[in-house]
Amino acid sequence: SSIQLLAQAPLNFTPANISYLEIPTLKNGETVIKHKGYSLSYNEEYEQANWVAYELTAEETQGKFKRTNKFIVDPMVSTGTADNKDYLHSDLDRGHLAPAGDMGWSALTMAESFYYSNMSPQVPTFNRGIWEDGEKLVRSWAVKNKAVYVVVGPALSKGLSTIGPNKVAIPKYYYKVILDYTLPSIKGIALLIPNGELGKPLKSYFVSIDSVEKFTGIDFFPGLPDDQEKLIESRVNLNEWTWGHSQTKVSQPEEKVNTIIKSTLNAEISSVQCTGVTKKGARCRKMTKNPNHRCSIHP
């Protein structure tokens, strides 16, 4: 659908009484694992979640419980998850999908946020940089709008490089889909970012929810009434959202936004350390831009 940025008034829908609004449409064989803080769909082939979904309220952003930093396997994933051994020699971060900062409202939810089912291999500068910035921004939106629904995950596809004995896939892109379903203005927006060192500002990676649905093949927020879903997911009006401490007016023409989306989908990940292993069993120290994260010595 076309992206419209300018001259859009906030949507004036009346919210429907819908439970588990954040759960995407399930595909064949897909099941939902429900923890206290979030729900997820686990993908055994790639050893990580297809998506993690939750509602984040303003009260839950207060963070009464500190990070545990205790990474553990998810006891509810019957097929088993990744574990410490997978990340031990990878030089990639155990990147949170549902961030610990969103789960500090109870001791249990904080502990759940460190399940390996909620982790995905991320380039350290990405995880600790633009990805974390996006997490903080979403928390500010939860406060501003009283609550938001969030679905976050890796873009999984065949041919991805892997790490560890469990062959955990290294995604090339991550997405985060956000829905504000509270009055007076109902709205939605999404992030789609390459897993690498990036030079563009965070705002450059915001797109419509429709765009992320086409890229991932996932149908987000199917519980919305059809007329609402169609309008909310086709729009991306940056002026409806707050940026930092004040509302920032944006005047990007439609064609520029489409260019941003296109460049995001086709972006190359910057140089990363090769995931190959030397004859002595150590991680290769060469840097590479190859999509499979392998240098010429370890094709």
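Q: Which residues point one way from strand S6, and which the other way?
A: In a regular strand the side chains alternate between the two faces of the sheet. Here Ala147, Tyr149, Val151 and Gly153 point one way from S6, while Val148, Val150, Val152 and Pro154 point the other way. This is a predicted model, in which local features need pLDDT of at least 70 and side-chain atom pairs count only at pLDDT 80 or more, whereas totals for chains, interfaces and linings use all residues. Residues are numbered from 1 along each chain as its sequence is written, and side-chain values use heavy atoms, with hydrogens and water left out.

Q: How many residues of S6 are buried?
A: Buried means under 20% relative accessible area, exposed over 50%, and partly exposed in between (1.4 Å probe, protein chains only). Eight of the eight residues of S6 (residues 147-154) are buried, so the strand is largely enclosed by the rest of the structure. Helices (H or I, at least four residues) and strands (E, at least two) are DSSP runs, numbered from the N terminus.

Q: Which strands are joined to S6 by bridges?
A: Two strands pair if DSSP finds at least two bridges between them. Strand S3 (residues 48-57) runs antiparallel to S6 and is joined to it by six bridges; tyrosine 54 stands opposite valine 150. Six bridges also join S6 to strand S9 (residues 173-180), again antiparallel, and there valine 150 stands opposite isoleucine 178.

Q: Which residues of helix H5 are buried?
A: Helix H5 (residues 209-216) is mostly covered, with six of its eight residues buried. These are Ile209, Asp210, Ser211, Val212, Glu213 and Thr216. Just after H5, glycine 217 takes a positive phi of about 80 degrees.

Q: How many aromatic pairs does the structure hold?
A: Rings of Phe, Tyr and Trp (its six-membered ring) pair if their centres lie within 6.5 Å; planes under 30 degrees apart count as stacked, over 60 as edge-to-face and the rest as tilted. The structure holds twelve such pairs. In one of them, the rings of tryptophan 141 and tryptophan 243 have centres 5.5 Å apart and planes at 85 degrees, so this pair is edge-to-face. Tryptophan 141 lies in helix H4 (residues 130-144) and tryptophan 243 in the loop between helix H6 (226-234) and helix H7 (254-266), so the pair ties together parts that are 102 residues apart in sequence. Both tryptophan 141 and tryptophan 243 are buried. Elsewhere, ring pairs link Phe71, Tyr87, Phe114 and Tyr116 into a cluster.

Q: Where does the charged end of lysine 187 sit?
A: A charge sits over a ring if NZ of Lys or CZ of Arg is within 6 Å of the ring centre and within 35 degrees of the ring normal. The charged end of lysine 187 sits over the ring of tryptophan 241, 4.8 Å from its centre. The side chain of lysine 187 also meets that of aspartate 180 in a salt bridge (2.6 Å, N to O), and both of these residues are buried.

Q: How many salt bridges does the structure hold?
A: A salt bridge is a side-chain nitrogen of Lys or Arg within 4 Å of a carboxyl oxygen of Asp or Glu. The structure holds seven. One of them joins arginine 139 to aspartate 102, the closest N and O atoms being 2.8 Å apart. Arginine 139 lies in helix H4 and aspartate 102 in the loop between strand S4 (93-96) and helix H2 (107-112), so the pair ties together parts that are 37 residues apart in sequence.
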